[in-house]
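Here's a quick briefing on the model below. Have it open while you read, and go through it topic by topic.

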Amino acid sequence: MSAEIIDRIVENVLQGRRDSEDEGVDEGYYGQPGVTELVKEALGKEVPLEKILSDGLSRGMTMVGQKYETGEYFIPDMLAAAEAVAAAMEVLEPQLLESGRQEDRGKVLIATVEKDQHDIGKNLVCIMLRGAGFSVVDLGINVPAKRIAEAAASEKAGLVGLSALLDTTMPYMRSTIEELEKSNLRDRVKVMIGGAPTSDSFAREIGADAHGKDAFAAVKIAEKFLPGEGNR
Amino acid sequence: MTKRIYHGGQYTVLSRKEIENIHDATMKVLEDVGFEITYPPALELLEKNGAKVDTEQKKVYAPRELISKCIKQAPGEFTFYGRKEGQEIVLGGTRVQFGTGGTALNVLGFDRKKRPSKARDIADIAALVEKLENLDFLVVPLYPNDAAKGKGDINRFFPCFGHSSKPVMGGVYTLQGLRDIVDMASFLAGGRDKLQRKPFVGFITSIASPLRIDDLYAQLLMEVASMGLPLATSAAPTAGATAPITLAGTLVQQNAEALMGVVLTQLVNPGTPVLYSAVPSTMDLRTMSFLMGTIESGLMNAAVSQMAHYYRIPSYLTVGTTDSKIPDAQAAYESATTCLMGALAGGNFIHEAAGLLEGAMTASPAKYVIDNDIIGSCMRALRGVEINEDTLAVDVIARVGPGGHFLAEEHTVKYMRTEAFFPRVSDRRSYQAWQEAGSKDSWTKAEEIASKLMEEEHEHFMDAGQEEEIRSKYEGLVQF
């Protein structure tokens with residue numbers, strides 16, 4: 001029984017269906033339970049949390065990633081899947097807190113830097129990270145360096161992700177890193193950057209720890225810097 | 001599997017009045033200037049049907065009434081079948097279909113060296129074309145230089161029958177070759193009657209510009225017509241050399257030539273599925289180079305499509321070839337501009353549109369892949385912008401609201417795979433991703449795609465028994 005419900009969770013992650021109102025990638029799903037309902041059902045049947053997370057949600061996202069790599073899935077397909085998983089994580093929050101898994105892993109703090117109003121890329125990264133089971137704090141757009149540093153401290157972030165779309169706002173990534181150093185946070189907070197004008201070499205130049213060329217790369221970086229046994 | 005149907009006709013280079021001007025001028029040419037036809041049975045047939053024939057000069061003066069009658073007899077639409085259900089194409093109206101062309105003498109291989117083409121290359125290209133979804137038919141692309149003298153015809157069609165399920169058409173050089181190919185096709189069809197009912201092979205016979213049909217081609221044309229198989233009576237007037245320098249003048253002459261093809265086929269066998277056939281081209285009068293990829297050729301082909309619509313006869317256009325020697329920028333823009341014109345003009349059997357370089361002298365696997373993308377883009381253009389309540393998307397715009405994004409909308413997921421055309425070759429990644437993948441240009445990428453498609457397993461459309469029987473029956477088939 002538990003294997004069957006886990007398979008249905010995987011199937012619905014692949015379909016990107018949060019709940020019964022979602023249509024999914026293929027036809028004929030409307031009205032059937034989505035990922036959140038199935039996760040509730042699994043909890044009711046006392047399927048172990050670990051199984052729901054790793055064999056269901058995480059396996060589903062891995063398969064989605066593979067479908068993206070082969071070109072079968074597009075970004076919106078990935079987003080739908082990630083949003084469904086993120087919604088399921090919310091359902092699981094009481095259990096997660098109880099098990100103490102999220103505590104030691106550290107949060108990801110995300111912001112578009114000062115003077116930059118672009119947020120689509122940043123939002124994608126947030127959705128994908130949440131879909132991968134990370135706890136994400138989104139500070140929004142046009143965020144000054146000082147505020148990012150303050151939030152990194154107060155939220156106990158383990159990783160800060162900075163986004164910029166303009167080459168005129170890219171320098172604020174550097175000043176944000178400097179601000180983190182000034183606040184003596186740099187030894188416990190990793191920094192990743194992303195956005196169309198950024199590159200590996202720019203990341204090195206400003207002393208960032210990593211550059212993600214897209215939202216999937218951001219997830220990989222987060223997994224590297226914030227290894228968590230719990231919810232992956 | 002049913003093919004999506006695409007309609008052209010959005011682009012009209014000629015006004016109705018101009019079409020009539022060309023028609024009237026053409027009637028004067030056919031009635032007063034006359035056509036040179038040397039094959040006596042053709043002359044007799046024309047004379048019997050009311051044409052004025054000068055036997056001494058071998059000239060035919062065809063009256064308007066005769067031409068009109070034959071135009072009316074020619075089918076306005078016919079189906080050209082494939083070897084597999086769903087591969088058939090319906091020719092006529094404004095339905096647009098693209099395919100390959102010939103006859104190239106060389107192949108530009110993956111080593112980027114040009115070499116003489118062989119029978120094996122025909123099989124390889126047929127197999128590649130089989131996998132290119134935007135190519136609807138296969139015109140025999142190459143000459144097999146390894147075929148013995150007099151064995152060119154069978155060695156051109158045999159590899160196509162073995163490796164293609166798309167409708168196959170090609171030129172023939174000898175009457176014996178034509179008969180052998182029809183026999184071979186009849187054997188594969190399970191009888192001549194079956195082949196005639198659902199023809200999957202058609203032929204191209206030539207009319208020599210200006211205004212001349214020689215013995216052999218008249219004979220071939222009449223033979224194909226008598227069998228009722230699909231036929232193109234290709235004429236290639238070259239503006240400035242074998243036709244007037246003005247595009248209008250070349251259109252008049254090509255119209256006369258195309259209509260003479262129609263007239264002869266319909267007199268032999270009323271209802272013969274004939275294409276209004278044109279290969280209008282130009283010459284560079286600075287160098288005497290015969291040109292295939294010019295924008296003027298695109299214009300004339302668009303006009304040809306309109307003339308064919310006017311006569312209600314399916315058209316045979318010639319676009320997409322380039323004068324470039326390699327699949328470079330020139331190759332891409334020449335192929336793309338002329339293909340788009342032919343498509344928008346509503347050409348029916350648009351041939352020569354894939355794989356060819358150097359004015360159709362050389363075929364390149366990479367170019368087939370690039371042209372498949374170009375043709376896919378043209379088809380997307382024909383599909384136009386779909387307007388209905390759902391596509392107008394007011395609900396979605398309202399739901400997302402100012403400042404939001406549409407990436408996570410179900411509406412996006414619903415349409416994202418069909419609203420856009422996805423070419424195989426175009427690189428659409430970031431600079432860094434492109435660089436990491438090897439900084440490849442489109443030629444290199446197309447080569448990789450072509451080579452992968454050619455290495456992958458492909459279907460055979462002749463079983464071992466059939467192949468053996470054909471090989472033992474027709475001497476001179478090259479082993480490959």
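Chain A splits into domain 1 (2-99) and domain 2 (103-225), with bounds that come from an automatic or database domain assignment. Their C-alpha centres lie 27 Å apart. Keep in mind that this is a predicted model, where local features need pLDDT of at least 70, side-chain atom pairs count only at pLDDT 80 or more, and totals for chains, interfaces and linings use all residues. As for labels, residues are numbered from 1 along each chain as its sequence is written, while chains are lettered from A and ligands numbered from 1 in the order in which they are written.

**Between the two domains of chain A**

- Domain 1 of chain A puts eleven residues into the contact and domain 2 of chain A puts in eight residues; two residues are in contact if their C-beta atoms, placed from the backbone, lie within 7 Å.
- On the domain 1 side, the elements giving two or more residues are helix H3 (49-69) and H4 of chain A. Helices (H or I, at least four residues) and strands (E, at least two) are DSSP runs, numbered from the N terminus.
- H4(A) has the largest share of that side, at eight residues.
- Sorted by class, the domain 1 side that touches domain 2 of chain A has eight nonpolar, two polar and one charged residues. Here Ala, Val, Leu, Ile, Met, Phe, Trp, Tyr, Cys and Pro count as nonpolar, Asp, Glu, Lys and Arg as charged, and the others, Gly among them, as polar.

**The sheet in chain A**

- Five strands of chain A make up an open sheet, ordered S2-S1-S3-S4-S5, with parallel pairing; two strands pair if DSSP finds at least two bridges between them.
- Strand S2 (136-138) and strand S5 (210-211) of chain A are at the edges with a single partner strand each, so one side of each has no neighbour in the sheet.
- Strand S1 (residues 107-112) of chain A runs parallel to strand S3 (residues 157-163) of chain A, and six bridges join them. Val108(A) has Leu159(A) as its bridge partner in S3(A).
- On to the next pair: five bridges connect S3(A) to strand S4 (residues 190-194) of chain A, again parallel. Gly161(A) sits opposite Met192(A) in S4(A).
- Seven of the seven residues of S3(A) are buried, so the rest of the structure largely encloses S3(A). A residue is buried if 20 or more other C-beta atoms lie within 10 Å of its own, exposed if 12 or fewer, and partly exposed in between, with C-beta atoms placed from the backbone.

**Where chain A meets chain B**

- Chain A brings 14 residues to the contact and chain B brings ten residues.
- Helix H4 (75-91) and helix H6 (120-131) of chain A are the elements that give two or more residues to chain A's side.
- H4(A) gives the most to that side, with six residues.
- By class, the side of chain A that touches chain B counts eight nonpolar, two polar and four charged residues.

**Chain B overall**

- Chain B has 18 helices and 21 strands.
- For 480 residues, a compact globule would have a radius of gyration near 23 Å, and chain B agrees, since its own value is 23 Å. That radius is taken over C-alpha atoms, and the globule rule is 2.2 Å times the number of residues to the power 0.38.
- Along the principal axes, the C-alpha atoms of chain B fill a box of roughly 80 × 55 × 50 Å.
- Of the 480 residues of chain B, 52% count as buried.
- Chain B is divided into domain 1 (71-383) and domain 2 (389-419), and 43 Å separate the C-alpha centres of those domains.

**Nonpolar cores**

- The largest nonpolar core has 141 residues, and those with the most contacts inside it include Phe157(B), Val168(B) and Val262(B). Such a core is a set of buried Ala, Val, Leu, Ile, Met, Phe, Trp, Tyr and Cys residues joined through C-beta atoms within 7 Å.
- Helix H9 (residues 247-268) of chain B gives the most to this core, with ten residues.
- Another core lies apart from that one and has 75 residues, among them Val39(A), Val85(A), Leu92(A) and Leu124(A).
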